[in-house]
Amino acid sequence: MWVSIFVAKDKDEADRIMARLDDEGFVNRIRPGTGGIMQDGQLEVQVLESEALDAQQFCY
């Protein structure tokens, strides 16, 4: 199962986060943001649920 760990404001920011996650060996993907508070163009960076806590701590 996939879990969102970061909301990027645009594709460039999402690509930077994904590259860092890739370098650390986290499986990740992006998808268009969904939900009532998301702005147009925002993207969710997602990782596997089993890696979510470690990946989130790595990002912040």
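A crossing of two helices is left-handed if the near helix is turned anticlockwise from the far one by less than a right angle, and right-handed if it is turned clockwise. Helices (H or I, at least four residues) and strands (E, at least two) are DSSP runs, numbered from the N terminus. The model on screen is predicted, so local features need pLDDT of at least 70 and side-chain atom pairs count only at pLDDT 80 or more, whereas totals for chains, interfaces and linings use all residues. Residues are numbered from 1 along each chain as its sequence is written, and side-chain values use heavy atoms, with hydrogens and water left out.

Select α1 (residues 11-23) and α2 (residues 52-59), and view them together. In this pair, α1 passes α2 in a right-handed crossing. Their axes come within 11 Å and cross at roughly 120°, the axes being lines fitted to C-alpha atoms, for helices over the stretch in contact, with angles that run from 0 to 180 degrees between N-to-C directions. That angle makes α1 oblique to α2, since angles under 35 degrees count as roughly parallel, over 145 as roughly antiparallel, 65 to 115 as roughly perpendicular and the rest as oblique. To see the contact (heavy atoms within 4.5 Å), show Ile17, Arg20 and Leu21 of α1 together with Ala55, Phe58 and Cys59 of α2.

**The nonpolar core**

Next, colour the largest nonpolar core, which has 14 residues; such a core is a set of buried Ala, Val, Leu, Ile, Met, Phe, Trp, Tyr and Cys residues joined through side-chain atoms within 4.5 Å. Here buried means under 20% relative accessible area, exposed over 50%, and partly exposed in between (1.4 Å probe, protein chains only). The residues with the most contacts inside this core are Ile5, Phe6, Ile17, Leu21, Val45, Val47 and Ala55. At least two core residues come from each of β1 (2-8), α1, β3 (43-48) and α2, and α1 gives the most, with four residues.

Centre the view on valine 47 and, setting aside residues up to four places away in sequence, look for the residues that it touches: Met1, Trp2, Val3, Ile5, Leu21, Val27, Asn28, Ala52 and Ala55.

**The aromatic pair**

Move on to the one aromatic pair that the structure holds. Rings of Phe, Tyr and Trp (its six-membered ring) pair if their centres lie within 6.5 Å, and planes under 30 degrees apart count as stacked, over 60 as edge-to-face and the rest as tilted. Phenylalanine 26 and phenylalanine 58 form a tilted pair, with 6.1 Å from centre to centre and 40° between the planes. Because phenylalanine 26 lies in the loop between α1 and β2 (28-32) and phenylalanine 58 in helix α2, the pair ties together parts that are 32 residues apart in sequence. Phenylalanine 26 is buried, at 13% relative accessibility, while phenylalanine 58 is partly exposed, at 26%. Apart from neighbours within four places in sequence, phenylalanine 26 is in contact with Leu21, Glu51, Asp54, Ala55 and Phe58.

Select aspartate 22, which is found in helix α1 and is partly exposed at 48% relative accessibility. Its C-alpha atom is separated by 14 Å from that of alanine 52, 30 residues apart along the chain. Then select glutamate 24 in the loop between α1 and β2, which is also partly exposed, with a relative accessible area of 48%; the C-alpha atoms of glutamate 24 and valine 47 are separated by 12 Å.

**The start of the chain**

Finish at methionine 1, in the segment before β1, which is exposed with a relative accessible area of 73%. Methionine 1 and leucine 48 are 47 residues apart in sequence and 5.9 Å apart in space, C-alpha to C-alpha. Beyond residues up to four places away in sequence, methionine 1 touches Val47, Leu48 and Glu49.
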